Amino acid sequence: MTTRLADIAAQAGVSEATVSRVLNGKPGVAATTRQSVLAALDVLGYERPVRLRQRSEGLVGLITPELENPIFPALAQVIGQALTRQGYTPVLATQTPGGSTEDELTEMLVDRGVAGIIYVSGLHADTTADMQRYERLRAQGVPFVLVDGFSPKVQAPFISPDDRAAMTLAVTHLASLGHTRIGLALGPKRFVPVQRKIEGFVRTMQDQLGLPTDVVEKELVQHSLYTLEGGQAAATALIGRDCTAVVCASDMMALGAIRAARQHGLEVPTDISVVGFDDSPLIAFTDPPLTTVRKPVPAMGQAAVRTLLEEIGGTPAPHSEFVFMPELVVRGSTASAPGDRNRR
């Protein structure tokens, strides 16, 4: 027990006496300190005493399209932690190819009496999908929040990154390095985030390099899948069109773009620069470390939970879109354009 107290105290940055007070449910410990001790228990793998286990206010569903892209587990972790701190139990429901659909997962969660649902990159982001499914859910009295996507047909709170601004950050960075032939690799055009990224990309290419819209859309935008293989295929096409830099709509696609460059005998960033999007966990440790546009995952996840709990509590959030500003993170996958090495 003494060893365990010392471990927990060191992890939480408090005294062993404070840990003892928390474990025994004694008063006189600040809420933040108590939370630090409980977090240390969890991190070290110790089971919480029964008296310290949080009583659940209910279940909250979280539906994601997949977990292979590390940005989705990262967002799920933020949302799950925020829900747990408020006394709710998160239930993660993930779509898989050939598995349950979004509608089937929704029905399963509703049948289990969830207090609300958070959708991440769901059908609400697909401009060809029937949005009546969300109105039917609202008619059932189930609160919900939609992350990554927007539809004017759905009366609900939306949480999104500023996709247009993300492209402005990426293109401006590459243009400052002397790149004039910049390609964009992204997913299918029917998705709202894809359309917004194209808008931001086209506008910035026009502002920074004076390129006409039709030339940019026809020659420098390549649609594919949001996977490593999709990024590889899109980058291969863009390299064939003499692009010296490629902006990708996800970090996974960017890793595929780096693979494509190497297959063509090109060095990153000496011969071609690559920019990702998301700043997924561990992406700073790739070879080379990836320059990317950081998606504000902590702020977005916490806002999604806060907004949903307001809905559950009977104070509906505005039926509008909360947009969060991304951030450019410059690492080792971007450099001056070939033939322009004297630029800084």
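This is a predicted model: local features need pLDDT of at least 70, side-chain atom pairs count only at pLDDT 80 or more; totals for chains, interfaces and linings use all residues.

Biologist: In what order do the six strands of the open sheet run?

Modeller: The order is E7-E6-E8-E9-E10-E12, with mixed pairing. Strands (E, at least two residues) and helices (H or I, at least four) are DSSP runs numbered from the N terminus, and two strands pair if DSSP finds at least two bridges between them.

Biologist: Which are the edge strands?

Modeller: They are E7 (221-223) and E12 (327-329), each of which pairs on one side only. From one strand to the next, the twist averages 20°.

Biologist: And how do E9 and E10 pair?

Modeller: E9 (residues 273-278) and E10 (residues 291-294) pair in the parallel sense over four bridges. Asp 278 stands opposite Arg 294 in E10.

Biologist: Which strands does helix H7 lie across?

Modeller: H7 (residues 163-176) lies across E6 (182-186), E8 (245-248), E9, E10 and E12, and runs at about 160° to E9. Axes are lines fitted to C-alpha atoms, for helices over the stretch in contact (heavy atoms within 4.5 Å). Angles run from 0 to 180 degrees between N-to-C directions.

Biologist: Changing topic, why are H4 and H12 called oblique to each other?

Modeller: The axes of H4 (residues 71-85) and H12 (residues 297-312) cross at roughly 45° and come within 9 Å. H4 and H12 are therefore oblique: angles under 35 degrees count as roughly parallel, over 145 as roughly antiparallel, 65 to 115 as roughly perpendicular and the rest as oblique.

Biologist: Which residues make that contact?

Modeller: Among them are Ile 71, Leu 75 and Val 78 of H4, and Val 297, Gly 301 and Val 305 of H12.

Biologist: Back to strands: what covers E4, and what pairs with it?

Modeller: Both faces of E4 (residues 144-147) are covered, with Phe 144 and Leu 146 on one side and Val 145 and Val 147 on the other all buried. Buried means under 20% relative accessible area, exposed over 50% and partly exposed in between (1.4 Å probe, protein chains only). E3 (residues 116-120) pairs with E4 in the parallel sense over four bridges.

Biologist: Is Thr 64 buried or exposed?

Modeller: Thr 64 counts as buried, because its relative accessibility is 1%.

How values were computed:
Residues are numbered from 1 along each chain as its sequence is written. Side-chain values use heavy atoms; hydrogens and water are left out.
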